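Please load the model in your viewer and keep the sequence panel open beside it.

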Amino acid sequence: MAITLTDQQYMSRAIKLARNGLYTTSPNPRVGCVLVKDNEIIGEGFHQKAGEGHAEVNALADAKQRGKDTTGATAYVTLEPCSHFGRTPPCSQGLIDARVARVVGAMTDPNPQVAGRGFNMLRDAGIQVEESCQADEAAKLNPGFIKRMTTGMPLVRIKMATSLDGRTAMQSGESQWITGPEARADVQKLRARSCAIITGADSVLIDNPSMNVRDVKDYPLAEKRQPLRVLIDGQNRIDASSQLFSVPGEILVATLTQEVAEKTSEQPNVNYWYSPSKAADKPNKVNLKALLAHLASLGHNEVLVESGAQLAGAFIEQGLVDELVMYTAPTLLGSDARPAFTLPFDQMSQQLRWSWSDVRMVGNDLRLILTPES
C-alpha cells in the first residue's frame, strides 16, 4: 500500500505532537505517535523526557485510557520505533504486542543501535510498514540528534544581536540593549532548546552574564530546561565572583591545563574539561573541535554559541557552525562599534557565503537564520 494523503495528514498530527518535546527530550530525539483505527484517532502521544515512555508507549497508554482496542490499527510515528532495550523497552515490540496492522514511519532512526532494525522487526512480525512519509519535516524536529548520531558532533548555532551596520556593542563594550524585548524573549526559547550554551572569557568579563534560561511572558521556560553552560577560559581570567557561577545549573569550564582551573575549583556545580591538544597554530587557545566532540560524547545534540566576535569568528573560520541566528535591529551603532565576527580576511576570495533558511520579523527586529553554502 502506498502512502496516501490521509497518511500524510495523520503524520502531520504526529509531527505537531513531537514538537511538544522541543525543550525536554535530549539526549533523546523528539518523537510523536498517532494511532488510527477506522479513520478515528484512538490514541496519541509524544516523548516527553529521557528515561520516560517513548511516543509509541504514550500513544498506546492513551488508547487504553480511552478504552480503545488497538488490534488492526495503524501507527504513525515520526521516527522509526526503537528495537533495543535502553532505559525503556523496545517500542517495536510494544507495537507488535498491541497487534497493530500497519506502521507508517517518517524516517529511519540514525542511531546505529536502531538504523532499520525497528522497521525490520515489525515486518518480521507480519506488520505492514511504510517509510518516508514526510521525512523532510520529521528531520527538522531533530537536526542535532541526527548530526550527533551520524557524525559524532553536535549541531552548532551561533546567535548574534546586531545593528543594521553589523555591530554588536559600542567600543566600550556597552551593548544593552540593541534588540527589543520580543527578540530577547525569542533568544530564551533558542537557549531552552539547546543542550549546552558556550560563551568565552571575553564575554563574561565585559557583560558578566548568567547565561541561564529565563521565563518569557506566559511561558515557563526555566522549569523545562537549563542547558549546560560552557565557559571557554584558557587563560584563567574568570573567578568565582562572576554572575555565571551565582545561579543554579551545571557549568563546564573548558581550559588548557589543570592549573588554570584553580579560581573556580571550589564551586559545587562546576566541572572541568582540559583541552587534549591546543588549537591549530594557536598554542594558547582551547581546541574547539575537540570540545564539541566531548559535548557530543555527553549526549548534547544542539549547542548554542553566545560569545564575542573573536570566539564566534573562530568557530566560523574552523568550519564548525551549522546555523547563524542573527537578530538585526533597525539602528546604527557607528563605525567605531564592535563587529559581529573577527575574521581577518583581506581578499574577496576568502569570503564565506551563507544561504537563507528563514527570515521573519520578531517584534520590531529581523531574525535571520542562515546555513553555510556547501
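**Conventions**

This is a predicted model, in which local features need pLDDT of at least 70 and side-chain atom pairs count only at pLDDT 80 or more, whereas totals for chains, interfaces and linings use all residues. Residues are numbered from 1 along each chain as its sequence is written, and side-chain values use heavy atoms, with hydrogens and water left out.

**Whole chain**

Select the protein chain and colour it by secondary structure: there are ten helices and 18 strands. Helices (H or I, at least four residues) and strands (E, at least two) are DSSP runs, numbered from the N terminus. The C-alpha trace spans about 70 × 45 × 45 Å along its principal axes.

Next, colour by accessibility. Buried residues make up 51% of the 374 residues, where buried means under 20% relative accessible area, exposed over 50% and partly exposed in between (1.4 Å probe, protein chains only).

Select Pro27, in the loop between α1 (5-18) and β1 (32-37). The peptide bond from Ser26 to Pro27 is cis, with omega near 10 degrees.

Move to Asn142, in the loop between α5 (135-139) and α6 (143-151). Asn142 is buried, with a relative accessible area of 6%. Not counting residues up to four places away in sequence, Asn142 touches Pro29 and Arg30; contact means heavy atoms within 4.5 Å.

**Backbone angles**

Most residues other than glycine have a negative phi, and most peptide bonds are trans. Select Ala115, in the loop between β4 (102-105) and α4 (117-124). Ala115 is not a glycine, yet has a positive phi of about 45 degrees, and at 43% relative accessibility it counts as partly exposed. Gln134, in the loop between β5 (128-130) and α5, likewise has a positive phi, of about 60 degrees, without being a glycine. Gln134 is partly exposed at 22% relative accessibility.

**Strand β7**

Select Thr168 in strand β7 (residues 167-169). Is Thr168 buried or exposed? At 16% relative accessibility, Thr168 counts as buried. Beyond its neighbours within four places in sequence, the contacts of Thr168 include Met160, Ser175, Leu333 and Pro339.

**Helix α9**

Show helix α9 (residues 288-297), whose buried residues are Leu288, Ala290, Leu291, Leu292, Leu295 and Ala296. At the start of α9, a side-chain oxygen of Asn287 comes within 3.2 Å of the backbone nitrogen of Lys289. Just after α9, Gly299 takes a positive phi of about 95 degrees.

**Last stop: Val321**

Select Val321, in the loop between α10 (309-317) and β15 (323-328). Val321 is buried, with a relative accessible area of 7%. Which residues does Val321 touch, not counting those up to four places away in sequence? They are Val156, Ile158, Phe315, Ile316, Trp354 and Pro372. Val321 and Pro372 are 51 residues apart in sequence, with their C-alpha atoms 7.8 Å apart in space.

Technical notes: Polar contact = N/O pair within 3.5 Å; in protein donor to acceptor, adjacent residues only side chain to side chain.
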